[in-house]
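These are my notebook entries on one structure.

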Amino acid sequence: MKVVAFSGSARKEGNTTTLLNAALAELQAAGLETELVELAGQPVSGCIACYQCFKKKDRRCAVEKDIINDCIAKMEEADGIILGSPTYFADVSASMKALIERCGMVSRANNDMFKRKAGAGVVAVRRAGAYHVFSSLNAFFLIGQMIVVGSSYWNMGIGKDPGEVKNDPEGMKTMADLGRNMAWLLKKIR
């Protein structure tokens, strides 16, 4: 079994990645394969509403100039998907929004190709606005008929500067619990 996580942070190895790695460590400890994809430094753009994915139904986005089709393939191959985003003006980052839009449209165009996979959102936040980000991430899973995995608190960690989330013991525990919960669920489903 495999779980793929996507970090929508503009910072490589920032707080979002730190939180995702905490969840992935628990999945690895439970014997699952994991992969982390950082969108930082990758130019991705939002959906252009061309609807070619609905016309072709080839499980790909017609826009080929970025890594989104690779991300779609990784999501399709995985049993679980974790989306992580920092909180930018009380919402997901632009790159995470682009990933959600395009992967979501291709999935919908292809009979909800991610349905019944496990999904979880992870949020890095400096102070406030995280719950809206969490809700935006979960909306991707819910409209795609996926199973949303919860934790011991909302899946968020507090920190501004890179690595600062490690000083949030409740946030780090929440990520560990999330990883254990996703591993448990995937083994039950399998």
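**Entry 1**

I began with Arg116, which is exposed, with a relative accessible area of 60%. For accessibility I take buried as under 20% relative accessible area, exposed as over 50%, and partly exposed as in between, with a 1.4 Å probe and protein chains only. The model is predicted: local features need pLDDT of at least 70, side-chain atom pairs count only at pLDDT 80 or more, and totals for chains, interfaces and linings use all residues. Residues are numbered from 1 along each chain as its sequence is written, and side-chain values use heavy atoms, with hydrogens and water left out.

I looked up Arg116 for its backbone: its phi is positive, about 70 degrees, although it is not a glycine. Most residues other than glycine have a negative phi. Arg116 sits in the loop between H4 and E4; helices (H or I, at least four residues) and strands (E, at least two) are DSSP runs numbered from the N terminus.

I then found Asp112, a non-glycine with a positive phi of about 50 degrees. Asp112 is placed in the loop between H4 and strand E4 (118-125). Is Asp112 buried or exposed? I noted Asp112 as buried, with a relative accessible area of 9%.

**Entry 2. Salt bridges**

How many salt bridges does a search of the whole structure find? I recorded 12 salt bridges, each being a side-chain nitrogen of Lys or Arg within 4 Å of a carboxyl oxygen of Asp or Glu. Side chains of opposite charge can pair when their charged atoms come close.

I looked up Glu26 and Arg180, whose closest N and O atoms are 3.1 Å apart in a salt bridge. Glu26 lies in helix H1 (residues 15-29) and Arg180 in helix H6 (residues 169-189), so this pair ties together parts that are 154 residues apart in sequence. Glu26 is partly exposed at 22% relative accessible area, and Arg180 is partly exposed at 39%.

I next took the salt bridge of Glu76 with Arg59, with the closest N and O atoms 2.5 Å apart. This pair links distant parts of the chain, 17 residues apart: Glu76 is in helix H3 (residues 68-77) and Arg59 in the loop between helix H2 (52-56) and H3. Glu76 is partly exposed, with a relative accessible area of 30%, and Arg59 is partly exposed, with 35%.

Asp66 and Arg102 meet through their side chains in a salt bridge of 2.6 Å, N to O. Asp66 is in the loop between H2 and H3, and Arg102 is in helix H4 (residues 94-109), 36 residues apart. I noted Asp66 as buried at 14% relative accessible area and Arg102 as buried at 2%. Salt bridges that share partners also join Lys2, Glu33, Glu35, Lys74 and Glu77 into one network.

**Entry 3. Pockets**

I read the pockets on a 1 Å grid over the protein atoms alone, a pocket being an open set of points where a 1.4 Å probe fits, with protein on both sides within 12 Å along at least five of seven lines; lining residues have an atom within 4 Å of a point. The largest pocket has a volume of about 260 Å³, a volume being the space filled by probe spheres set on the points. Of its 13 lining residues, Arg11, Pro86, Tyr88, Gly159 and Lys160 are the closest to its centre. H1 and E4 are the elements that give two or more residues to this lining.

The second largest pocket has a volume of about 170 Å³. Its lining includes Asp91, Lys97, Arg108, Ser136 and Ile143. H4 and helix H5 (130-143) each give two or more residues to the lining, and H4 gives the most, with six residues.

**Entry 4. Nonpolar cores**

A nonpolar core is a set of buried Ala, Val, Leu, Ile, Met, Phe, Trp, Tyr and Cys residues joined through side-chain atoms within 4.5 Å. Which residues touch the most other members of the largest core? I noted Phe6, Leu83 and Leu99, out of 36 residues. The largest share of this core, seven residues, comes from H4.

Leaving aside neighbours within four places in sequence, Leu83 is in contact (heavy atoms within 4.5 Å) with residues including Phe6, Met75, Leu99, Val122 and Phe141. Another core, of 22 residues, lies apart from the largest one, with Leu24, Leu178, Ala183 and Leu186 among its members.
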